[in-house]
Amino acid sequence: MPRPTAAQLVYGSCTVVFSTLAMLLLSKATSVLGIAVIALAALALGVFVAMTVPLPGAHTVAARTEPAAEEERVPSRL
């Protein structure tokens, strides 16, 4: 398993912090159980975001679906 890049760590950490704050402010949770559930949900969301950030060099070239014989033909100039 490759190590996470700096971008993945930053995106995941920011997601955890901001989503935790947003959920706590919107839900107005005061119980320990409610805060724990929100923190776990924010952590899961942060891991998901960090894992979906594209890795450098992971770009793939789409395979052509048309055969080479069916390429657009350009008339030659004489």
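**Entry 1: overall layout.** I looked up the secondary structure and found that the chain has two helices and zero strands; helices (H or I, at least four residues) and strands (E, at least two) are DSSP runs, numbered from the N terminus. I note that this is a predicted model, in which local features need pLDDT of at least 70 and side-chain atom pairs count only at pLDDT 80 or more, while totals for chains, interfaces and linings use all residues. Residues are numbered from 1 along each chain as its sequence is written, and side-chain values use heavy atoms, with hydrogens and water left out.

**Entry 2: surface.** I read an accessible surface of about 6900 Å² for the chain, 70% of it belonging to carbon and sulfur atoms (Shrake-Rupley method, 1.4 Å probe). Of the 78 residues, 13% are buried (under 20% relative accessible area; exposed is over 50%, partly exposed in between).

**Entry 3: helix H1.** I located Gln8 in helix H1, residues 6-27. Gln8 counts as buried because its relative accessibility is 6%. I also found that the Gln8 side chain reaches the backbone nitrogen of Thr5 at 2.9 Å.

**Entry 4: helix H2.** I placed Val47 in helix H2, residues 32-52, and Ala44 also lies in helix H2. Val47 has 46% relative accessibility and therefore counts as partly exposed. Ala44, with a relative accessible area of 47%, is partly exposed. I then checked Ala44 against Gly12: the two are 32 residues apart along the chain, and their C-alpha atoms are separated by 9.6 Å.

Notes
Buried means under 20% relative accessible area, exposed over 50%, partly exposed in between (1.4 Å probe, protein chains only). A polar contact is a pair of N or O atoms within 3.5 Å; within protein, one must be able to donate a hydrogen and the other to accept it, and residues adjacent in sequence count only if both atoms are side-chain atoms.
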